[in-house]
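Reader: Could you walk me through this structure and tell me what stands behind each label you use? I would like to see the cut-offs too.

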Amino acid sequence: MLAFEALRAVDERDAYANLVLPPLLRKAREKEGPEKFDARDAALATELVYGTLRRQGTYDAIIADCVDRPLREVDPPVLDVLSLGVHQLLGTRIPSHAAVSASVELARVVLGDGRAKFVNAVLRKVARDDLDGWLERVAPPYDEDPEDHLAVVHSHPRWVVSALWDSLGGGRAGIEELLAADNERPEVTLVARPGRATREELLGEEAAVPGRWSPYAVRLSEGGEPGAVDAVRENRAGVQDEGSQLVALALANAPLDGPDRRWLDGCAGPGGKAALLGALAAERGAFLLASEKQPHRAGLVARALDGNPGPYQVIAADGTRPAWRPGSFDRVLVDVPCTGLGALRRRPEARWRRRPEDLDGFAPLQRGLLRNALEAVRVGGVVAYATCSPHLAETRAVVTDVLKQHPGTELLDARPLLPGVPGLGEGPDVQLWPHVHGTDAMYLALLRRTS
């Protein structure tokens, strides 16, 4: 029931599972008590929700083969029950009879007896084969339609497969590895904020291991709970993907010509990079201005920076209509709004919501934010353009266009500023990948203003 409620919220309210699920789990624990609803129950509910969302495209193709009507004519609540059932049958070790029985009982409670019979009939058809058998049946052969084959097998919209393939530069092995990585459960990564916590302190926690690339990163193995870590509760550490940490570190360590006293995070919400930048700036006696357009997100930034040892200020301001004078800053970060195609491991529902036309909506904003960032930095200062999308229209195309309009700007080689990180390509910009680096697919370009 809990997993069904979460899927309905995602479908009906365009909610995100990572925001909907925690309060539902909390409510279940309070209602049932820890004896009846324990960590294993929470883990199963989480797997059912995220697994079903990640594999939605594959499961839709399988369900469509088992019903006698177009899938769009199946009521969404019925489809959610069916998808949960299919995931139990094909994506977990739950015995087939138990998966069918539980799904039919759920359908009876939330949909009624008539629809429960329909659910029972469909799931019994699905149970006749395993996932590999179904994929052989419903996915077109790779040789006939490579993109559609990958879309069905790896449960991504066809246009996303095409875009990611273009970003990778071709080759079947790479795209298969990336799409498979998008369907893996991401590790929880913590950041020890410099001057406030150390990695050694975090490594003292149960199930903690060092991060791969960032000197401040610690990974929690499966079952690790960030809320149980003292440093996280005290805001001295936070949850932050290692790719996000690397972007902040690259900007902080980029070579400057001249003073290093004023830093700007121009798109600071929800505050992860701002908190790390603020801690790094404090070590140098530098001031950080964290700006976020949406007031409620600016509140999140203020919370993330609360207790920062150095000088900082959080404001609610639009980066395309700057609240500061030109040339005011030595270092500027713009982590621009984007399609989020680089974080599909964490937000699997995003792949089904995004459309190719969304790129046209983001394009003017991304270019405007980068242009204003270059105006905000002084001559000799550095701007980091970052985005959690590998789509070429949101990465290199933006940087190339803006560089043409700003001849007094040079592109720096960002690769030396990510020491020890392999597979960074030909540069000078950097694209991180889940299947190569174990991070979100963060993009980074560093630009220095020369005149």
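Reader: Why are Arg8 and Glu12 separated by about one helical turn?

Author: Happy to start there! Arg8 and Glu12 are four residues apart in helix H1 (residues 2–13), so about one helical turn separates them. Helices (H or I, at least four residues) and strands (E, at least two) are DSSP runs, numbered from the N terminus. This is a predicted model, in which local features need pLDDT of at least 70 and side-chain atom pairs count only at pLDDT 80 or more, while totals for chains, interfaces and linings use all residues. Residues are numbered from 1 along each chain as its sequence is written, and side-chain values use heavy atoms, with hydrogens and water left out.

Reader: What makes the contact between Arg8 and Glu12 a salt bridge?

Author: A salt bridge is a side-chain nitrogen of Lys or Arg within 4 Å of a carboxyl oxygen of Asp or Glu. The closest N and O atoms of Arg8 and Glu12 are 3.3 Å apart, and the pair forms a salt bridge. The structure holds 35 salt bridges.

Reader: Which salt bridge joins Arg8 to Asp80, and at what N to O distance?

Author: The side chains of Arg8 and Asp80 meet at 2.6 Å, N to O, in a salt bridge. That pair links distant parts of the chain, with Arg8 in helix H1 and Asp80 in helix H5 (residues 76–91), 72 residues apart. Asp80 has a relative accessible area of 12%, so Asp80 is buried. Arg8, Asp11, Glu12 and Asp80 are linked in a network of salt bridges.

Reader: What parts does the pair Arg345 and Asp440 tie together?

Author: The closest N and O atoms of Arg345 and Asp440 are 2.9 Å apart, in a salt bridge. Arg345 lies in the loop between strand S8 (329–335) and helix H17 (350–353), and Asp440 in the loop between helix H20 (434–437) and strand S12 (443–449), so the pair ties together parts that are 95 residues apart in sequence. Both Arg345 and Asp440 are buried.

Reader: Why is S8 described as largely enclosed by the rest of the structure?

Author: Seven of the seven residues of S8 are buried, so S8 is largely enclosed by the rest of the structure.

Reader: How do you know that S8 pairs with S9?

Author: Two strands pair if DSSP finds at least two bridges between them. S8 and strand S9 (residues 377–387) have six bridges and pair in the parallel sense. Strand S5 (residues 262–265) also pairs with S8 in the parallel sense, over three bridges. Leu333 in S8 stands opposite Asp265, and the bridge partner of Leu333 in S9 is Ala384.

Reader: What makes S2 and S4 edge strands?

Author: Four strands form an open sheet in the order S2-S3-S1-S4, with antiparallel pairing. Strand S2 (208–210) and strand S4 (237–239) are the edge strands, as each pairs on one side only. Within this sheet, four bridges join strand S1 (residues 188–192) to strand S3 (residues 217–220), and Val188 stands opposite Leu220 in S3.

Reader: Why are H15 and H16 called oblique to each other?

Author: Axes are lines fitted to C-alpha atoms, for helices over the stretch in contact, and angles run from 0 to 180 degrees between N-to-C directions. Angles under 35 degrees count as roughly parallel, over 145 as roughly antiparallel, 65 to 115 as roughly perpendicular and the rest as oblique. The axes of helix H15 (residues 272–283) and helix H16 (residues 295–305) come within 8 Å and cross at roughly 40°, so H15 and H16 are oblique to each other. Ala274, Ala275 and Gly278 of H15 make the contact (heavy atoms within 4.5 Å) with Val301, Ala304 and Leu305 of H16.

Reader: Then what makes H5 and H7 roughly parallel to each other?

Author: The axes of H5 and helix H7 (residues 113–126) come within 10 Å and cross at roughly 30°. H5 and H7 are therefore roughly parallel to each other. Among the residues that meet are Val78, Val81 and Leu82 in H5 and Arg115, Phe118 and Val119 in H7.

Key: Buried means under 20% relative accessible area, exposed over 50%, partly exposed in between (1.4 Å probe, protein chains only).
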